[in-house]
Structure formats: C-alpha cells, structure tokens
Amino acid sequence: MAALGRQVFDWHRLVPLTWACIAAQTPRLGERRRAPALLCKLPTASSGGGPGGLSRVASGKHVQDPECTTSLPSCPRENQRAPADGASLEREEVISSLLDMGFSGVHAHELLGIPGTQPRQLLDVVSELVLLGVNPEPVCVVLKKSPQLLKLPVVHVKKRSSYLRKLGLEEGRLKKVLHCCPEVFTMSHRDLDSIIRVLREKCLFTAQQVTEILHRCPHVLRADPGELEYKFQYAYFRMGVKHADMVRTDFLQYSITKTKQRHAFLERLGRYQTPDKKGQTQVPNPLLKDILRVSEAEFLARTACSSAEEFEVFKKLLAREEEEEAESESPVPGDESPSEGNEDWEEEL
C-alpha cells in the first residue's frame, strides 16, 4: 500500500510539469481548443492508468497529430479570399459553358483574354452566334477580329439575330458574312434594311436570291444603296445579264469601274453585244465569269485577245469620256461647255 501511495503521488506531481511542456509546444491560435482534449489524455489515480500514458503525452506526439492541427480555425483567411473566389468561380462557369458548346480550352481562354471582356457578356454574345449556326472556331476568329461585338447590348444582339434568321442567314450561312462583314451586327437597322429593300424592291430579286446574295457577296452590306441599284441596272440593261446569272457569278461583289472597263473594251472590240428583247446576239458573248472572275492578264489573253498597252490606253479614254459626260449632265446655267461644241463639230464632220 505504501508503494502504491508513492506511485500515485508521483503521478500527480508529474501532471503540472506535463501540462507546462504541452503548453510550450502548442500554437497560441489553437491553445484553448486543444487544452481540454489533451487534459483528457492525462491519467489519474481514479482511472487506473499507468505511467505509459504519461510518456505518450509528454512526447508531444498528440501536438503534431493531424487530427489536432486540422481543428485550427481558418475563417479570417477565407473571408479575405471571398471576392477573388467569386470572380474566379464566374470565370470557371463561363469556361465550362463554352466547353459544353464545343469550344476548346484554348479558344475559351483566348476569348476571355480579349481586352475589356466581361465573362457573362461574352457568354451571352457567343450563345446567340452559336444559335445562329456559326461553329465555335469561326466565332472565336470573328470576336478576336472584331472585339466591338462583345460590347453590344444583349437585347440588340438578340434582335439582330432574329432579323438575320428572317433573312435566312443561319445554319452555317452566317459564317462567311461575319468573317467578311462583322458590321452586320453593329450597323444600324435602317442602313441594313435599306440594302435589303433595294435588292427586293428595286432590283426585284426573290427572297431566296437575296439570301444567296448576302451569303455569297456579304460586301454588298457596305455598299451605297444608290450605287448598288446602278450596278444592277448596268448589268441588266447594258449587258443583258439575268437575275439568276448575277447570283450565280457573284456579280454584285465586283466594282462598277472594273465591270464597265472590261465590258466596254470587249464591246469596242466587237466581242460583246447587248442581247435584243429575245435575248439573242449576232456574236456569242463570253461568259460573265470569263470577264470578271479572272485576272487582268488572263482576261486580255483569253477573253479580249488584246494587249495590256491597248487596254491601258482604253481605260484612260473611258475615264475621260465619263468625266465629260458628267459635266454635260450638270451644266452651269448660261455657260456653254467647250466639250459639247467639240462633240457637235465632230458629228458634223
């Protein structure tokens, strides 16, 4: 009994020393929360523990145990990172949506890397373009080429998309239009509608032909309505080109200057005639593609069968004739034009 009493006394004497050692090795941040747990490990006489329990506590193993260290409070640091985590979360959500649409990870990061891009605004614009039938890669190319599209209000993009669907520009047809003329989304509705009305009401193209023209010749959207109408009239009345041929040969994409130079040159050489009311000519006219869709060298060698020097002289003469014609159409009241007198003198001769 005396030996047991001395052992119990030694245990109780070791308790304050053990606690002091533990307190010295424990960080202050978790001191209050871990103290009760460590005290529970201390054996007492009533619990019947042995000296082995004391050696385990004093060794400091429980201080370095992962179960103890994970109980440290980390709320202040999480609160400091909350704003950054919110922006990062929105960015990750947009990237996930872009991947679901078929964009690659590289394209998604390239789009988000466009200066001034708002992730949610980007997603709304891209969604409308994809709904119109434009593939992910062309969308990426167009938006990098014309980042101003990302600044358009979503309501405007939706309305313009609806208008383009009515014109038949969907299911992949919009790809070329956006690449050549991204202004189709930024230009005013009045300017866009004026081009469509010229094609439908002045030039009398069908709705299907208008869709095909916009798809094949998107540059007509940048044209002046008056010049577009004059180009059609020249082809229809002077050259005898029908509506279907204009659409099939992409006639409206060529400048009126190039068209008049080559047509008039062939006419002066006797290699082109305006068809009569029955659509007949005395000489076989060359195909429209052989006049406009070839280089100047090929045009001279194969279609006109003439030299470059002769064509250059003709172009200068044609430009002078057009200037004189423009002056004669708007003469100054009371003032006679010398060119008119020379023309009358030449006619008398």
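This is a predicted model: local features need pLDDT of at least 70, side-chain atom pairs count only at pLDDT 80 or more; totals for chains, interfaces and linings use all residues.
Residues are numbered from 1 along each chain as its sequence is written, and side-chain values use heavy atoms, leaving out hydrogens and water.

Let's start with confidence. The mean pLDDT (the predictor's confidence in each residue, from 0 to 100) is 78 for the protein, and 69% of the residues reach 70 or more. Across residues 26-84 the pLDDT is below 50, and this stretch has 48 contacts beyond near neighbours in sequence; contact means heavy atoms within 4.5 Å. Residues 336-349 also stay under 50, with 2 contacts beyond four places in sequence.

Now the overall picture. The protein has 20 helices and 0 strands; these are DSSP runs, H or I of at least four residues for helices and E of at least two for strands, numbered from the N terminus. Of its 349 residues, 34% count as buried, meaning under 20% relative accessible area with a 1.4 Å probe, protein chains only.

And here is our pair. Helix α12 (residues 189-202) packs against helix α14 (residues 225-238) at about 25°, with the axes 9 Å apart. That makes the two helices roughly parallel, a label for angles under 35 degrees; axes are lines fitted to C-alpha atoms over the stretch in contact, and angles run from 0 to 180 degrees between N-to-C directions. On the α12 side, the contact uses Ser 194, Ile 195, Val 198, Leu 199 and Lys 202, and α14 brings Pro 225, Leu 228, Glu 229 and Phe 232. Thanks, everyone!

Terms used. Angles under 35 degrees count as roughly parallel, over 145 as roughly antiparallel, 65 to 115 as roughly perpendicular and the rest as oblique. Buried means under 20% relative accessible area, exposed over 50%, partly exposed in between (1.4 Å probe, protein chains only).
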